[in-house]
Amino acid sequence: MTAVSVAQSVAQSVGRAIASMAAVSGGGYPANLAFYAWDTQAGVYDSGVIVGTGSIAEATTSTRYYPDASNVWQPFGSGVVGQYYHDGDWWYPFHCAWTNSCTRSYDLTNASWTKTNATAALNQTGMRGDANGASLLTATGASGTAIFSAVVAASADHGSRWFLKRSVGTGTVEITMDNGATWTNVTTALAAASGWYEAVMGQTLANPQFGIRLATSGDAVIVGNAELALVPGVSSSAVGIMRWNSPIFTAGATGSVTQPIPTVSGANQDGTIGFYYTEAVFASPDADYGLTDIYFPSFSATSADATACNFANGTFFSQQFLQPAVGGSTNQITRSIVAGDRIRIASWYNAGESSASQSVDGDITQGSLTFSSFDSDGSMFLIRRQTTATCGAILLRNYRRYVIANLAEGATQAIDLINGTKAWGQNIVALSRRLDLYTQNGNPWTATGATAVRDAVGIGGVANTACTVNDPDASLRIFRQVSLPTALDTANYALRFFVRKDAITSRFPEFQFQLTGGTPLNVYVSLNTSTGAIAARTGPLVFTAQTYAVDTDFWEVAGDLANNGTNTSIGILMYPAYSATLGGASSAALTGSVVIGNVEIYKGVTAASVLGNAPAYTPQTKAPEVNPS
């Protein structure tokens, strides 16, 4: 087998790790997988219960529309579970109720739309794939506009949304909510959009008059839907309420959608032992969501039950395992929300040990939180919101519950779901080969002047699977991950990283491995990327370097650091151009880069036992699926 196929096989094995942990006889599911829904099986999306009891029931009473894989909005009627295609996956859409006050949402030929230097024709294929379901708006002169007639409303945070496609021209396209007193430019985003572009804006004003303007005569856009929401949010912004929400198509009267409320049989819930896992993606950032008012999963008698037991909420992901009415016990993982980020959440609990814990994208929260089992009443509500607040859209998928023997085992499997395979040990580095994602939300990789781009050939010869970390200027630049928590222990921690070979001997990168929080421990290793020689700048050399057998284009560097019982955090620091000599002092004037194939830290094993093994990648995008055989 070639080095390429070996590395690719290893990467693929991550996706099979969960299924192989404890397979059921005659099936591909782990024996402890008790509930599983909202995922693709055999290439077909299944929004019902795949493993477990019963099927998901949807309590919404309105028809909602969500995009399919062809960017056509499909209808989901009263009581029908919705399916939303986004980022290459199918999701369950959760959003608030709202009303479209624009009574002619897709027919701009109607007299309620005042056109100036513009004409409208209802002759385009609509968002629902229907003939003559969208309007072609063409500017017949400079600054062609279409404005919806005045709506009577008190001053408040109102919102508008447009679904647009460019037809002809490249001129400026703008939208307004105050009859053209101010305009919001959407030209660049419209040009970059694939399919229908969703343009959302909010403004505090009375009697909104919303519309669109084409700066250049002859330019034309296709309007799939135009929407006006009057005071849609109680504690969230109008923009947050509308983005990714179901469109509302109107033809002479206002229209509304109700909030989705999914439930499944209470038989799928076990208040004694287990853990939950789901993936979520948010439509809007913190500022648009307002208060921390969204909870998932949630267990309660009704969707408005104020004493629900909750796992996670809004701006801060928190654990709340006692009923709030009894006092509650919470532990928060501070996590800002960035629009479009895919987040993976695992929560595990054990009533026997009266403890629980949670992980968000590999950010592991340890410790014992009071847990008195869930409020089980025969219904399991997967998503719930507070009755006094409104929130923006959230997409969820790959929802699971596992029955496990104890909290420790739950923690292990939860980390596996978040980070990938256990292999010979658990790689606790988050995003081990995606250093380029450091600018995205929640990513523990941070930079001081350094940059990381996923543009290099990685382990196994696969293009764009390794990151170039660069020091671009005459200052000492750092790339680091220092947020990995650990216990007050005396365990050994093994660090391994892969660096692509090159012929550069004018700069030497330095890698620092540290335990901090108490009496700090630090090791420093300098690498000659041409020869593989290593040196310690201070202290003993506890690292070794060798050509990696699976891919001889990489150096495999590994070393150990044992905690002294006082430190609570692990850090990795990379200086791509630290010194002009191997193991020498820092030289800020140096510039240069190194290619990193993977970074790994293992607890309770030695570097000697790790060397030569296959890489353990910790993916960012999604956890491996569990497929029936």
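A residue counts as buried when its relative accessible area is under 20%, as exposed when over 50%, and as partly exposed in between (1.4 Å probe, protein chains only). By this rule tryptophan 38 is buried, with a relative accessible area of 0%.

The structure is a predicted model, in which local features need pLDDT of at least 70 and side-chain atom pairs count only at pLDDT 80 or more, while totals for chains, interfaces and linings use all residues. Residues are numbered from 1 along each chain as its sequence is written, and side-chain values use heavy atoms, with hydrogens and water left out.

**Aromatic pairs**

Rings of Phe, Tyr and Trp (its six-membered ring) pair if their centres lie within 6.5 Å; planes under 30 degrees apart count as stacked, over 60 as edge-to-face and the rest as tilted. Over the whole structure, 22 aromatic pairs are found. Among them is the tilted pair of tryptophan 162 and phenylalanine 210, with 5.5 Å centre to centre and 55° between the planes. Tryptophan 162 belongs to strand β13 (residues 156-168) and phenylalanine 210 to the loop between β16 (197-205) and β17 (211-214), so this pair ties together parts 48 residues apart in sequence. Strands (E, at least two residues) and helices (H or I, at least four) are DSSP runs, numbered from the N terminus. Both tryptophan 162 and phenylalanine 210 are buried.

Tryptophan 445 and phenylalanine 479 form a stacked pair, because their ring centres are 5.9 Å apart and their planes lie at 25°. Tryptophan 445 is in strand β33 (residues 445-448) and phenylalanine 479 in strand β36 (residues 478-485), so the pair ties together parts that are 34 residues apart in sequence. Tryptophan 445 and phenylalanine 479 are both buried.

A cluster linked by ring pairs holds Phe35, Trp38, Tyr92, Tyr276 and Tyr399.

**Charges over rings**

A charge sits over a ring if NZ of Lys or CZ of Arg is within 6 Å of the ring centre and within 35 degrees of the ring normal.

| Charged residue | Ring | Distance to ring centre |
|---|---|---|
| Arginine 128 | Tyrosine 65 | 5.7 Å |
| Arginine 397 | Tryptophan 91 | 5.9 Å |

**Positive phi**

Tryptophan 38, a member of the ring cluster, is found in strand β1 (residues 33-41). Its phi is positive, about 60°, although tryptophan 38 is not a glycine. Asparagine 464, also not a glycine, has a positive phi of about 60°. Asparagine 464 is found in the loop between β34 (451-456) and β35 (466-471) and is partly exposed, with a relative accessible area of 42%.
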